[in-house]
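This report concerns the contacts between chains in a multi-chain protein model. The sequence and structure are shown below.

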Amino acid sequence: MSTATKSKELTKQKALFEYLVRLADDRLILGHRLSEWCGHGPILEEDIALANIALDYIGHAANLYEYAVEIEGEGRHRDDLVYFRNDPEYKNLKLVELPKGDFGFTIARQFLFSSYSYYLYQLLSDIEDEQIRGMVEKHFKEVKYHLRHSREWILRLGDGTEESHSRIQDAFNDMWTYVGELFYQDEVDEFLQEKNLAADTASFKSDWKDLVTDTLEEATLDVPDWNQFMVEGSRQGLHTEHLGHLLAEMQHLRRSYPDADWE
Amino acid sequence: MKTFQERIDNGETIEPKDDMPDRYRQQLIRMMSQHAHSEVVGMLPEGNWITRAPSLRRKMILLSKVQDEAGHGLYLYSATETLGASRKEVINQLLEGKAKYSSIFNYPTLTWADVAVIGWLVDGAAIINQTMLARSSYGPYSRAMVRICKEESFHKKQGYEMVATMADGTPEQQDMIQDAVNRWWWPTLMMFGPHDENSPNSAELIKWGVKSKTNDELRQSFVDRHVAEAHEVGLEIPDDDLEYNEETGHWEFGEIDWDEFWNVVKGNGPMNKERMKARREAHENGKWVREAAEEYARKQKLSKEKAS
Amino acid sequence: MSKENENNSEDTQWPLWEVFTQPRDGKPHEHAGSLHAPDAEKALENARDVYTRRKEAVNLWVVPSNQIVASKGEDEGPFFDPADDKPYRHPQFYSVPRVSKRRS
């Protein structure tokens, strides 16, 4: 249970703000990792594809942060959330902050995250908040494409050469301990779910597992053990050491000149 | 039958399967592949700041701009392929150090202001060059340029917008942007190449309708436009000899340091080695990915053939 | 142009494809450009990423470049001239009474 949220009385406003920030942080940090590929992809076409997906995520995050500060109502700008929060205030999943690794690692993570997002967005398109529904409607098309792009790559890398098979298998094995958290829910989720303002991720967990299992099997890959030890704590701001470095890089210019306008 | 030169003089467009002198083909392959390499290597200096952009808006603009450059490299490689030079072949020439790319990308981006100034000056220079090339006699090159010019129209604009914001910003921002202008002004002037009398390719390319203006003419229109824009936002151009000539209506400017120019062309610029290293690493790290996709396609084809 | 489509064991840049985009519903597909892809599915995906970044298309075709058959420059005469003798194919050939617009 989150100590940060437990100590405070939850209100719709607080819970929704927290929920939007979690969604946004996942997308911003993953977008950041993908943007690191720009100029370094395996072939021009894929360089362009990865930059496209990075842009989608950062754009989704921007919309979510904007709505979050609007809900908060304290006159903050979306960039305040991006540039002036420290590691423990970031609520993204550890899965998305791990270094980009090789192309296999990047694609394995893309597949797990975009298949998860695919089910998540289906539910979000039905919740009782017009603004979130509007956002989701726009983003969902892109999410569907992210899934198609990454799934097709999993098939090619898994059933490609011996080298690609072992690289993509290693990638899944290495990140597996971080996938449990995708389905972590706490009182913020429960509070909002009662008002139909949040998605119940438990409801699609088995569908998601089937999709992952089917895809990996089609790609001649082994599905790692679902029951292995899974790390927790991301939604309470407990991160890997990697996030600090990522934020240092992302925030340093903006923080070095806090009074400057860059728009 | 009209001769090739008659077709050119007649303003006709040359298409891939048309007869063309071998020298025309070779010159175009050289020029277009260099142009393609420049787009791709050009992603690196700006790409250096994507993860550090100071606002989400700036981050998204920069990422989409650098991504556009990958697209433009791709269009240009495709156009070069119509002349019989495969992408693999010309990329290998780059990676082996046999091909050139625009020297401007061998300078480092040291502060965020460099990103603004690249958009304003470097893209400003590129637009002048590319607008001319959009009327090139070779169809695929000209069509690629039309598409690129259309897409790049926002590149310079976003740069100049940022230059203006910083020039109107805090004292630190003003110093930062002036410093960037001081470092990029002269290398940008060098982008147009040697003086006409030292540019043997230029006359030939003009004769063949690939280019329609000389290096010095293009450089002059760049200077005229950008001096005015600099003054508009209160920035100084680092050239003591800069003077407006009322009679010609042009800005006269000082002599370029041609030793520096040739030195960077020969590979001794501040970032030549690192740029090539980054391209080679991307290529080598991507090899297993390209191979896997091809192997998968081969297997799929085989199993389809078996099934039918 | 066929060289790079040969599948050799050496590292390649993948085969070349031609991309056709349909700008709007009901409009014909137009040649947008080329790209490299290992197979048809990835060619479609790459075409989306490369040629529709600014929403330029509602539909895409991809065709392996080595499957395109083009007429040659030397064909110009016999291939395209016949139309010159058939003015009746062009609407300008016909003079018809002008119908004055009437309000219904």
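Predicted model: local features only at pLDDT ≥ 70, side-chain atom pairs only at ≥ 80, totals over all residues.

Residues are numbered from 1 along each chain as its sequence is written, chains are lettered from A and ligands numbered from 1 in the order in which they are written, and side-chain values use heavy atoms, with hydrogens and water left out.

**Chains B and A**

In this interface, 46 residues of chain B touch 50 residues of chain A, contact being heavy atoms within 4.5 Å. The two chains bury about 4,200 Å² between them, and 69% of this lies on carbon and sulfur atoms; buried area is the accessible area (1.4 Å probe) that two parts lose on being put together, summed over both. Of the area that chain B buries against chain A, L56(B), W288(B) and Y296(B) supply 19%, more than any other three residues.

There are 17 residue pairs in polar contact across this interface, both residues at pLDDT 80 or more. A polar contact is a pair of N or O atoms within 3.5 Å; within protein, one must be able to donate a hydrogen and the other to accept it, and residues adjacent in sequence count only if both atoms are side-chain atoms. On the side of chain B that touches chain A, 24 residues are nonpolar, 10 polar and 12 charged.

**Chains C and A**

Here 14 residues of chain C meet 11 residues of chain A. About 1,300 Å² is buried, with carbon and sulfur atoms giving 54%. The rule finds 7 residue pairs in polar contact between chain C and chain A, both at pLDDT 80 or more.

**Salt bridges**

A salt bridge is a side-chain nitrogen of Lys or Arg within 4 Å of a carboxyl oxygen of Asp or Glu. Chains B and A have 2 salt bridges, and chains C and A have 2 salt bridges. The table gives one from each interface.

| Salt bridge | Distance, N to O |
|---|---|
| R87(B) and E45(A) | 2.8 Å |
| R148(A) and E41(C) | 2.8 Å |

**Cysteines**

Over all chains the count is 0 disulfides, a disulfide being a pair of cysteine sulfur atoms within 2.5 Å. C38(A) counts as buried because its relative accessibility is 5%, whereas C149(B), at 23%, counts as partly exposed. Buried means under 20% relative accessible area, exposed over 50%, and partly exposed in between (1.4 Å probe, protein chains only).

Key: Nonpolar A, V, L, I, M, F, W, Y, C, P; charged D, E, K, R; others polar.
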